[in-house]
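Hi,

Here is the structure I promised to pass on to you. Have a look at it first, and then read on for my notes.

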Amino acid sequence: MKGLEGIKEAVLKFIRGSDSYEKAVESFIKELQKTLIRADVSIRLVISLTKKIRERALKEEPPPGVTRRDWFIKVVYDCLADFFGGDKEPSIYPPKQPYTMMLIGIQGSGKTTTAAKIAYFYKKHGYRPGLISADTYRPAAYQQLEQLGRIIGAPVYGEPRSKDPIGIVIRGVKTLVSKGCNLIIVDTAGRHGYGSEQALLEEMKAIANALKPDEVVLVIDATMGQKAYDLAKRFHEYTPVGSIVLAKFDGSAKGGGALSAVAATGAIIKFIGIGEKVHEIEIFNPRRFVSRLLGLGDLESLLEKLKSIEEHEALQKRLEKALTSGRLSLVDIYAQIQAMKKLGPLSKILQMIPGLSILPISDEQLRISEKLMDKWVAIINSMTYEELKNPKIIDRRRMKRIALGSGTSIEDVESLLKYYETVNRMLKEVKRKKTLLTRLGIRGLGM
Ligand SMILES: Nc1nc2c(ncn2[C@@H]2O[C@H](COP(=O)(O)OP(=O)(O)OP(=O)(O)O)[C@@H](O)[C@H]2O)c(=O)[nH]1
Ligand SMILES: [Mg+2]
């Protein structure tokens, strides 16, 4: 993570520091800005990122049981993950066979190496990749790919003296498919005979039109830093780019700049190249990347806490949804029980939800004993999908079956169903009151 190590150090300083929370937040943000700008992230992006972090850190409240400092790291984690591509999990496995990928990119960006790396990656995952050399400009382009193909044990198609890339790809696909390949990777030229980028883009477009690849993969050299933004845009305008590989991520202090720039275009980064050898490629996952960036792997206990905050947020979302619909399903109750085991009583969690102050809930009503929780989890696990969706259909006969299946008693099943009804009655009441208040134009009750 060349160039971005500063972030890890800032996290440690933040956790261990003795400054006031506000002061610690400010110095963390300063360090983060410095590190990102040094890694060639655009200043505009840095400012909007740190503004978001500061706002959340100072305005939002941590969930119960979580310290402000731990919460802050979670905020940084979320904002940075967004910054580097968000929750976009690239789909790695080809949805059809044979699948064709066409690699494009400017001269020296790493296309030929990446073509071999991708082929090797998929070969290890059970595919039968084949490579096509459609670069008719670079001297010995075919030989380079052919040599790589030999290393990884994948067939390579090429016509060394031909000047007709379209003919090559058409014949190449046919030949490789007939040899049993189910993943075809096309390497293209990085320069054009006329020398201009315009001419190269035109040629890529012509090849793409003829080949109709399942995926166009743009290979970008990570050492170009924030300039990757314009490049990604220009290429996308010519041939819609399906995914991006950032090559040479290992050697560059500007990798962070390239990553954030590409993420800002909305493109999906699928792989990063981390070395010259054929196995040196990694699936890119923003969350995992940021976790490493922050050094969370070394801070096990913090990671645990962040996970429980995430579960808490997921539960809160469920409950908020239940509140607007006025209905809490058994599956919600299941999630609630799991969360309670980690986060404490539901009443504490419910306090976090805006609008619930008007709910006539006492702690007593929502308290579920440990023992009962375990029983209810077993009961819910023994229900059919229909029963979970519509608990009204659970009659005595079904109760008996569920009790038997979960090793509990009919009374236990009844207690869960009663709880389900009580909670739902309460939710309906809240919904009714909320609607009434809204209709009367009364706001400001935290809703
Ligand atoms: N360190 C490092 N070097 C890489 C990586 N990917 C490619 N390279 C090196 O970058 C140089 C150019 O790579 P190529 O794969 O030939 O690039 P290309 O885009 O095919 O180049 P042209 O065909 O001339 O357009 C080679 O020396 C590669 O070894 C990477 O992820 N890390
Ligand atoms: Mg090449």
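Ligand 1 is surrounded by 20 residues, and the closest are Gly110, Lys111, Thr112, Thr113 and Asp250. Please keep in mind that this is a predicted model. A polar side-chain atom of Thr113 comes to 2.5 Å from an oxygen atom of ligand 1, while a polar backbone atom of Gly110 is 2.8 Å from an oxygen of the ligand. Gly273 also takes part, with a backbone N or O atom 3.4 Å from a ligand oxygen atom.

The largest nonpolar core has 78 residues, and Phe72 and Ile220 touch the most other members. Helix α4 (residues 68-83) supplies the largest share of this core, 10 residues. Both domain 1 (5-83) and domain 2 (99-288) contribute at least three residues to the core. Leaving aside residues up to four places away in sequence, Ile220 touches Ser109, Ala228, Leu231, Ala232, Ile244, Val245, Leu246, Ala247 and Val262. There is also a second, separate core of 26 residues, which includes Ile152, Val217, Val245 and Ile281.

Finally, helix α9 (residues 228-238), where Ala228, Leu231, Ala232, Phe235 and Tyr238 are the buried residues. Viewed down the axis of α9, these buried residues fall within an arc of 125°, so they line one face of the helix. They pack against β1 (99-104), α8 (197-211), β5 (215-221), β6 (243-247) and α10 (255-264). Among them, Ala228, Leu231 and Ala232 are touched by Ile220.

Best wishes

Key
Residues are numbered from 1 along each chain as its sequence is written. Chains are lettered from A and ligands numbered from 1 in the order in which they are written. This is a predicted model: local features need pLDDT of at least 70, side-chain atom pairs count only at pLDDT 80 or more; totals for chains, interfaces and linings use all residues. Side-chain values use heavy atoms; hydrogens and water are left out. Buried means under 20% relative accessible area, exposed over 50%, partly exposed in between (1.4 Å probe, protein chains only). Helices (H or I, at least four residues) and strands (E, at least two) are DSSP runs, numbered from the N terminus. The arc is that of the directions from the helix axis to the C-beta atoms. Contact means heavy atoms within 4.5 Å. A nonpolar core is a set of buried Ala, Val, Leu, Ile, Met, Phe, Trp, Tyr and Cys residues joined through side-chain atoms within 4.5 Å. Domain bounds come from an automatic or database domain assignment. A residue is near a molecule or strand if one of its heavy atoms lies within 4 Å of it. A polar contact is a pair of N or O atoms within 3.5 Å; within protein, one must be able to donate a hydrogen and the other to accept it, and residues adjacent in sequence count only if both atoms are side-chain atoms.
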